[in-house]
Number of protein chains: 4
Amino acid sequence: PPASSPPPGSPAAPALADAYARVRAHTEALAAPLSAEDQVIQSMPDASPTKWHRAHTTWFFEQFVLVPHAPGYRVFDERLAFLYNSYYLAAGPRHARPRRGMITRPSNAEVADYRAHVDAAMARLLADPAALTPALAEVVTIGLNHEQQHQELILTDILHAFAENPIAPAYDPAWRWRPATPADGMVSLPEGIHTIGHRGDGFSYDNEGPAHRVLVGPVGIARGLVTNRDWLAFMADGGYAEAALWLSDGFAAVQAEGWQAPGHWREIDGQWHAVTLGGSQPVEPDAPVCHVSYYEADAFARWAGRHLPSEAEWEVAAATGELADAFGVVWQWTRSAYLPYPGYRAADGALGEYNGKFMVNQMVLRGSSLATSPGHARLTYRNFFPPSARWQFTGVRLAAFSA
Amino acid sequence: PPASSPPPGSPAAPALADAYARVRAHTEALAAPLSAEDQVIQSMPDASPTKWHRAHTTWFFEQFVLVPHAPGYRVFDERLAFLYNSYYLAAGPRHARPRRGMITRPSNAEVADYRAHVDAAMARLLADPAALTPALAEVVTIGLNHEQQHQELILTDILHAFAENPIAPAYDPAWRWRPATPADGMVSLPEGIHTIGHRGDGFSYDNEGPAHRVLVGPVGIARGLVTNRDWLAFMADGGYAEAALWLSDGFAAVQAEGWQAPGHWREIDGQWHAVTLGGSQPVEPDAPVCHVSYYEADAFARWAGRHLPSEAEWEVAAATGELADAFGVVWQWTRSAYLPYPGYRAADGALGEYNGKFMVNQMVLRGSSLATSPGHARLTYRNFFPPSARWQFTGVRLAAFSA
Amino acid sequence: PPASSPPPGSPAAPALADAYARVRAHTEALAAPLSAEDQVIQSMPDASPTKWHRAHTTWFFEQFVLVPHAPGYRVFDERLAFLYNSYYLAAGPRHARPRRGMITRPSNAEVADYRAHVDAAMARLLADPAALTPALAEVVTIGLNHEQQHQELILTDILHAFAENPIAPAYDPAWRWRPATPADGMVSLPEGIHTIGHRGDGFSYDNEGPAHRVLVGPVGIARGLVTNRDWLAFMADGGYAEAALWLSDGFAAVQAEGWQAPGHWREIDGQWHAVTLGGSQPVEPDAPVCHVSYYEADAFARWAGRHLPSEAEWEVAAATGELADAFGVVWQWTRSAYLPYPGYRAADGALGEYNGKFMVNQMVLRGSSLATSPGHARLTYRNFFPPSARWQFTGVRLAAFSA
Amino acid sequence: PPASSPPPGSPAAPALADAYARVRAHTEALAAPLSAEDQVIQSMPDASPTKWHRAHTTWFFEQFVLVPHAPGYRVFDERLAFLYNSYYLAAGPRHARPRRGMITRPSNAEVADYRAHVDAAMARLLADPAALTPALAEVVTIGLNHEQQHQELILTDILHAFAENPIAPAYDPAWRWRPATPADGMVSLPEGIHTIGHRGDGFSYDNEGPAHRVLVGPVGIARGLVTNRDWLAFMADGGYAEAALWLSDGFAAVQAEGWQAPGHWREIDGQWHAVTLGGSQPVEPDAPVCHVSYYEADAFARWAGRHLPSEAEWEVAAATGELADAFGVVWQWTRSAYLPYPGYRAADGALGEYNGKFMVNQMVLRGSSLATSPGHARLTYRNFFPPSARWQFTGVRLAAFSA
Ligand SMILES: [Fe+3]
Ligand SMILES: [Fe+3]
Ligand SMILES: [Fe+3]
Ligand SMILES: [Fe+3]
C-alpha cells in the first residue's frame, strides 16, 4: 500500500540501508529454527510455507524496486516471478495459492541464494545517496513494512502446521505464555468528535486514510484483555452449544468445524492444552485468550453482557494511553467491518492492490500481537481477517454502552 | 423483530383486524397468477416456494399469536410446524431449508385450507377489543410486517425460478419496466451531526434502533438512480473483464458465476434481454439497472469515479426529500456492512432471532423496491443481503466526496 | 438401444399400433394418482419428475420416429427438444439434468397436449401398413421399450420424493408388500459351457449381445430371495457398523450417508417402518428386502458366508426355471460389473448412446421388479446401477461356491 | 495379502535375511536423489510423501512382524503407529490420508533412524533359523512384497509432484524414454478353456486366486504396445473432443479435468513435452504412450476400431511368450473390472484388508512397468486403479475380435 502521500521526512539513505538490513535479517532469524522440511509445507490455503514467505518478500523488492530502479540489475531467475507473486494481478500471472506447498524446488538453499542476490543489489542501490529519490524511498519503505507483515505470518502459519501435527512440535521449546497485564474497569469515552486515521509523519498503509472526523461515545472500553480464565467460564457455561449467543453464520461455523474451544486447543486426559510456539502446554488461566475468531469473540461478548468496540472507539480509547496490552500481545477484534474510510481511493498500479481490494467480508482488528515485528505497530493500524479466521494471534477486548 | 418498545399508539382492534385482512388478502392476490406447479418449486437454497411463503407466514400467526393468545385454539396440523418454521431455533426443529421445494403434499389446496383456518381464528381473536393487549397488538403487527416481507420474496423468488426456465414464463404478461425518474446532480450534505434510526411512533424492526447521533458529510448523494444505459456503457467498456475495478471477492464471483451482465439478462441474437415479471423483454435503456450484486454496484461506482453512499448518508439525504426514486423502484446498495447500531441488543425469545443474528457478512440496502408491499417502506428501514446476492430488485445510487 | 439386427418377425402394423396404444396408456395410468405438484419435482439428480418422464418419452417418438419418418409432421413446440432430450449428445443440446425439477411451465396440462399431439400422429403413421418398414418398426419398438423403462422410473422416482417428505404420502394407499415366495436351498450348477445373451426372435437391447459362450460353475444359486427378516438379523448383529464386512468404498458410503437400514426405512418409536408405495408401513419380515445398494448386498453376503451370483450364473440358473421370484419382485444385484460382452460395439448415431456409453462404474442387476412393466422383462435383460444406488426396487439373491 | 496357503518351499532364513536387506536397501536407493523437502510433500490425496512410504513400510514390519514375533522388541516410538498406518482398520486409528504431507516432524533423519532400528531388529530375528516358522516367513515375505509396491509408488508419486511444479525438476537428469519394442500383428487365441490365477510355488497376493478355469477366445491380442505416435494421431484426429468415442463418465472427466493429452504432458511453443523422471522432454514418438487413464485407453481403442483385452485374455496371451513389452515398460489397462475370482475370500485379520476390500469401482491392469521393482512382476499379478487414474505408468495394448 503506498502511503497516501510521499512520506515527509523520508529516511535518508544510510538509515534506510540500515533498516533494510535489520528487517531482512529478522526474517532469517525467524526462519532459523525451522528445517527445510518445516519450511516447504502449507497447512491450509490461507497459510503459506516459510520458504514461500522468504522468497515472496524478496521478489517484492526485485519486482518493485530493483527492476524499475536499479540500472543493470540482473533478475535472479525469471521463473520465480511466477512462483512468488502473491496476488498482484497487474504484476502478471501467479502460481495457484493453494499449491504453494508443492514447490520443493527451488530448494530452501536456493531461496537463501535468491535472498542474498537481492540483498546485495539492494545494498548497492541504497548505498548511493543520489539514487534515493522520494519515490524510491517510499517503495523500499513499503517493501520493509510488507516484509514485516510476512514475518508475523511466518509465525502464525508454522504454528498452524505444527498444531495439526499429532506430535505438536515446538517452534521454540522455551516459549511460554505470560499473564495478561491486570487492569480493571473501563476507559469512559463521553460523546465527542475525534479525528481518526493516519496523519502527519511516518509510514502508514493507504487504508489508514483519509484521516477523518467521527462521532464517538458515550461508551466504555475495557482496560484489560479477556483471559483464558474468562473463556473457560464461557465454555463451562455451555457457550459453544448455546445457539442464542451466536450470529447465525457463527453457529454454522461452530457446527461445521466442530469448535469447542479456541484454536490449537486440545483436551488431554480431561485437561485443556494449547499448542503454542513452545509446543503443547496446559492452558494458562491468566494469559489472554488467543486464537479465537470474530464469531467467538462476538458470542463471548454477548454472553458477558458486553459488546466489542468499534475500530473508532478502540483508536480513541487507545490514544488515551489507558488500555493495558493494547499492543504486543494479541490483536483485538472490533465490531467494525473492514471498509474504506470516506473518500478512500486505492493507488493506481500493482501496489494499489495491496489493501483496497480486500475491503469486504472481513472484520477489523486493532492493536498488534506478540508476533508483530518491532516497529510495525501503530495507533491507526487496521488489520483485517474474515470472521471465521482464528489461526492469527487474535483475542478480545470488551466494550460497554452502559458503563 | 419486536419493536424496541411497546408501540405507543398501538392500533385499535378494528383497525388491526382490518389491516390483517388486507395484508393476508394481498398475499393471496400475489399468488393468484401462479399455478400449483409454479408454487411448489424452489430454484435455489436462498429462495423459497410460493406455497412455502403462504404456509410459513400462516404458521407465524399460529405459533406466535394463536397458540399463546387464543384460548381453545386448535392447531391445524402438528406436522406443519416442522415444515413451515424457517429459522427460529427457539421454536423447535425445522425442515431443511434447501429441501423446501420437495414438499408436494400438503397440496396447494391444503395450504389454502390452512390459511383459512388461521384467518378465521385470527378474525375471532381480533374481533374482541378486550383481548387486544398491547403485547398482542405488537406481535400481530410484527406478523403483518413479516408477511409483507414474504410478499416481496414471493415475487423475487418466482422471478428467479422463471428466469432459469428456458421458456421464460411471464408472471404478468402486461408488466413492463418504467424509466427512472430523470434527476440530475447531487444532494450536497455538509459536515453535520444527525440522528439516524427509528424514533417516535409507528412500527419498526429492532435493527432500526437505537436511534443515535452520527457525523455525516461533506458528501454528495446522486438525486437519480443508475440506469441500464449507464450499465451498458460500463459493459461496453469491458467492466466485467477488468479486474482492477473489482473487489477481490467480487472478481472471484464474476469468474465463478460467469457474470457478464446483470441478473436475469440474456443475450439473444446480439441484443440484451431481461427476464422480467412480464417475461423476456429487450432491455429498456432508461429504466434503472436492477438485479445487480453489491460487488457489481461497487465495481460500477469505481469505474464511474464515484462511491456508494453509506447508510447514514443515504438516510440523511433521503430525509431532505430531494432524492428521486428513493422508494418503490429498486433497493439501493450502500457501502455499509450490516452491523448493530451502538448499544443494540436483540430481544429474548424466538422473535429475537428475527434480525440480530444475521449481522455479519451482509451489506445494507436502503429505500424499497417495486416489489415492496404498500406501507412497508420507511426512511429508517435496513434491508440486508450478502454482497453476491442479485435476485432481489437491487440497484445503484452513487455518492461523491468531491461534489 | 437398437436391436443388434433388424428384429426378425417384426410386428405387423396393427399389432404395433395396438402395442403403442397400450404402452402409452399405461404411462398415463401410472401418472394418474399424482397431482400436478407431485409431477413437477425432482428429488435428486438421478431421479426425474413424472412430467419430465411423460414428456421425454413423447419427445423420443417425435425425434426418432415422426420427424424422420412421418411426412408433413409438425413439431409440437421446438423448445421442448431442448427441455426433454435426456442425454443424447448427437440429438443436440439439453437442459441440465439436475434442473429438471425447475420446469413448472410447460404445465402438466400442456404436456398432456404434447402427448396427445404425438399420439395422433403416431396413430396415423402406424395405421398405414405400407409405411411400416422394418427400420421404422424397429425404432418404434425401441421407443416402446424405452417408455417402459421410464414407467418403472416414474414409480421409483416419486417414491424417492415421497420418502423424503416428512408426511410420507402414499402413491396408492392400498398398496402392501407381499411375502417372498418360500423357497429353500440352492440350484446347483456343475461346471459347463453355456451360451448367454440374447439370440433369436424378439426385441432386445444391444447390450444383451453378442450372445457368447461362457464357462459357469460349479456354483449354487439360492432359490429364494433374502427377506427383511434376514436383513433385520444382519442389522441386529451390527452389520452396518462392522467395517470388516464391507468394501472400502461401501463403508465410506455407510458413514457419509449415515446408512443404518435399507433405503426409505425410518425408525418410529423403536420399530422399523418403510415408506412404500402405500405410504409408511411397519416392515414386513417375510417380504423380500428392497432398496439396498450393491454395497449393502455385498456386505450382507459376506456376513452370511455367501457371495452374490455373477450375471452369467444368474442367467444359467434362471433358465432352469427353479428360481423363485426371479422376475417381478425385486431386481437382484450380481457381482458382475456392467461391461460390454466380447465383441460388443454400439450402433452409430444417437440411439447408439442408449447403453454402451454407461459401461463403467456400474454393477449388473438381473431379473425384474414389481415396478417393471408387463412384457418388459426377459432372461437376458441387463439392468445396471452404480453400487451406491438404492432408490430402485433392488434386492438380494445369494450364491455359494461350496454348495 | 496373505498367500492363499502357507507358501510351499518358503525361503530359508539366510535367503530371507538376504532378500530383506536387498529390498530395504533398494527403497533407500530410490529415495536417495530426493531432498528432505522433496520427501515431505503430498501432491494429491492418492499420492503419499516419500518419507511416508519409507516410514509406513517400516511400520508394517514393526506392526506385523516384530511386535508379535520378536520377543523383547522395543517399539521405536508409539506415536508412529498412528502416523504411518495406512488403511488397516483392524490395526487401529490412523492419521488422515490427505494430510500425510503435513508431517515435517519426525524429520527425514528421524525416519532414517526408525528404519535402522527396525532393520537391526529384523536382522536379529532373521538370523535365527529356529525362529523362522512358516507363518513368520510368510508375513516377512508379504512385507517385502508390500515394500516393493511402495517402491513403485515412490517413483510415481514424486513424478506427480514434480510434474505440477512449473520448474519440472528431474528425479534423474539422465533418464530417457526408450522406444517400444517393435512388434506387429496379433497373437490369435482360438476358443479354449484355460486356467488362470496363481498356482503352485512362490509368493502371490490373495487376489490372484483361486486359480480357476475360464473360456477365452476367439480373440487377437496385439503383440506391441500403443505408442506416442499412435496417440498423437488420435489427438490430431480430435479424439479428446469427440464425445462419441468416450464412455459417459470418461467424457465427463475429460471436461472436468481439461484433459487434452496424456498425464504430465505440456505444450510448449506448439510442441508436446512430457515431464518424465528425467524432467521435461519433447515427447518421443516411438516410446509407448504412458500416463493414460482407463477412460482414455478405452476411447483410443474405440477410435482405433479395437477393444482392450480382458485380464484373462491378457494372461493367456502373455503365457505364450509372444507379447512384446508385456513386463517392465507400462502397465496395460484391461477391460476387466477388479472383482474377486470365483470363491475368493479375504483372510481374517488386518492383513485381510490388503486387497479384497478394494474390489469395486476399479479396473485391472496387467504386466508391470519400468517402475516395478525387480522380481515383483508375474503372469498372474493383478494391479488395479480407478478408471480416472493416470499418475501411474499406465499404457495400452489392444485386442481385436475379428483378428
Ligand atoms: Fe505479500
Ligand atoms: Fe419468515
Ligand atoms: Fe430416456
Ligand atoms: Fe501399504
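## Cavities and an iron site

The largest cavity has a volume of about 130 Å³. A cavity here is a set of points on a 1 Å grid over the protein atoms alone where a 1.4 Å probe fits but cannot get out. The volume is the space filled by probe spheres set on the points. This is a predicted model: local features need pLDDT of at least 70, side-chain atom pairs pLDDT 80 or more, while totals for chains, interfaces and linings use all residues. Residues are numbered from 1 along each chain as its sequence is written, and chains are lettered from A and ligands numbered from 1 in written order.

The structure holds 10 cavities of 30 Å³ or more. Lining residues have an atom within 4 Å of a point.

| Cavity | Nonpolar | Polar | Charged |
|---|---|---|---|
| Largest | 13 residues | 5 residues | 1 residue |

Nonpolar means Ala, Val, Leu, Ile, Met, Phe, Trp, Tyr, Cys and Pro; charged means Asp, Glu, Lys and Arg; the others, Gly among them, are polar.

Trp177(C) and Trp265(C) are among the residues nearest the centre of the largest cavity. S6(C) gives the most to this lining, with 3 residues. The second largest cavity has a volume of about 110 Å³. Residues closest to its centre include Ala337(A) and Ala337(B).

The iron ion (ligand 4) is coordinated by NE2 of His56(D), His146(D) and His150(D), at 2.2 Å. Donors are N, O and S atoms within 2.8 Å of the metal (3.2 Å for Na, K and Ca). Both His56(D) and His150(D) are buried, that is, under 20% relative accessible area with a 1.4 Å probe, protein chains only.

How values were computed:
Heavy atoms only, no water. 1 Å grid on protein atoms, 1.4 Å probe; cavity = no way out; pocket = protein on both sides within 12 Å on 5 of 7 lines; lining within 4 Å. Helix = DSSP H or I, 4+ residues; strand = E, 2+ residues; numbered from the N terminus. Buried < 20%, exposed > 50% of the residue type's maximum accessible area, 1.4 Å probe, protein only.
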